[in-house]
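Open your viewer and get ready to click along. We will go from stop to stop, selecting a few residues each time.

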Amino acid sequence: MNIPSLFLWLCAILFPVCLAGQTRLLDEKDRSPVPYAQLVDEDGLTVGWTDDEGMIPPLSVKGQITIQHLSYHSKTVSSERLSKPEPVTLSPKTYTLREVNVTSKGQEYIHLRTYFRCYQLDYDQRMKYYEEGFADFFIRLKNRKSKRYVTQFRRLTNTALLHEDSLECLLMIPSLGKRTVIERLRLEGWTYDEDLAHSPLRRDNLQGGMVVTDTVRGIRLVKSDWLAGERIRKIRFLGMSLHINDLLLTESYRYRKGYQSFLDMLNWQEYFNASIKYKKFSARFETMRELYVLDREYLSADEMKACVSSLRRSSASRPYPDASIVSPLNEPLQATLKTMVEEGR
């Protein structure tokens, strides 16, 4: 047997072995891969993410693993199941936002009614702070400046963790800039193929995320690795050092070819993992911020003023969205949140 033949023979034997133990995460409906899904263990610890082809990495932990994704219903399976070659599937969410009609009247603002939730985990993956509420955004079409009005805001604190470190709440209520995530990426030179269902985000020789298009459900999702390229990972200020380990941005939209504006946005998510050090103090933490669009409309300037006035006067409570819109937290975080709610009463 010559050398090339021997090499091909070894590849044929070893390649399946290398893939053994890896499972692919697929869409339950169309069997397409689900990239960048979060894998969480029984303690609420993030133990991995699927790659851009939906492949689940080998896991060293045992027990139940919860698989979470912004556009899919969560699923919990055993770690043993994830070591088998058969694919695991997630059920996609169905979005029922009403259509917005464009008329000839003076439309000067986009109005988004949204729900947000944010939480901060300590170095041991325990929830320390939790915030939620409703945010109404008024985005002026002329210059894209937005105004935000927050109602029913609440912050919960895990008092059992306050004595363990002095790291304060670092959460911020989500806000909207002048552009959606996919618009900002285009301006920075990132490109993708409009005609592919799963297209990598590329700039020069770099890959910085994925754009997934589902024309059947009418959804486009963009997942961006903010640290790809020449992004700053370490920040120093007044003797304090902040090292960013992960920063992942996700945004999904109603699909239409080409341009996606805030009027098309369905939800937004930011995952942030960092370490902070100041003199002898050091701490590692994670934050997750999520924003879900509940309704949207065009408004004239007079209608916008009337809506803002109504928000300021109203004392009525809005019902919190159900699991069809906002995925439930994994069981460890739900248990911690329940305790925090009871302590806050």
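In which strand is Thr23 found? Select β1, residues 23-27, and you will find Thr23 there; strands (E, at least two residues) and helices (H or I, at least four) are DSSP runs, numbered from the N terminus.

Before going further, note that this is a predicted model: local features need pLDDT of at least 70, side-chain atom pairs count only at pLDDT 80 or more, and totals for chains, interfaces and linings use all residues. Residues are numbered from 1 along each chain as its sequence is written, and side-chain values use heavy atoms, with hydrogens and water left out.

**Stop 1: around Thr23**

Thr23 is buried, with a relative accessible area of 0%. Buried means under 20% relative accessible area, exposed over 50%, and partly exposed in between (1.4 Å probe, protein chains only). Now show the backbone oxygen of Leu82, which lies 2.5 Å from a polar atom of the Thr23 side chain. The backbone oxygen of Lys84 also lies 2.5 Å from a polar atom of that side chain. Both are polar contacts (pairs of N or O atoms within 3.5 Å; within protein, one must be able to donate a hydrogen and the other to accept it, and residues adjacent in sequence count only if both atoms are side-chain atoms).

**Stop 2: the sheet**

Next, select β4, β1 and β7, which form an open, mixed sheet in the order β4-β1-β7. The edge strands are β4 (55-56) and β7 (88-90), each pairing on one side only. Two strands pair if DSSP finds at least two bridges between them. Two bridges join the antiparallel β1 and β4, and Arg24 has Met55 in β4 as its bridge partner.

**Stop 3: the cores**

Select Leu112, Leu176, Leu201, Val222, Met265 and Leu291: they have the most contacts inside the largest nonpolar core, which has 28 residues. Such a core is a set of buried Ala, Val, Leu, Ile, Met, Phe, Trp, Tyr and Cys residues joined through side-chain atoms within 4.5 Å. Elements giving two or more residues to this core include β8 (109-121) and α2 (181-187). A second, separate core of 19 residues includes Tyr119, Leu156, Tyr271 and Tyr292.

**Stop 4**

Finally, select Cys118 and Cys169. Cys118 is buried at 0% relative accessible area, and Cys169 is buried at 19%.
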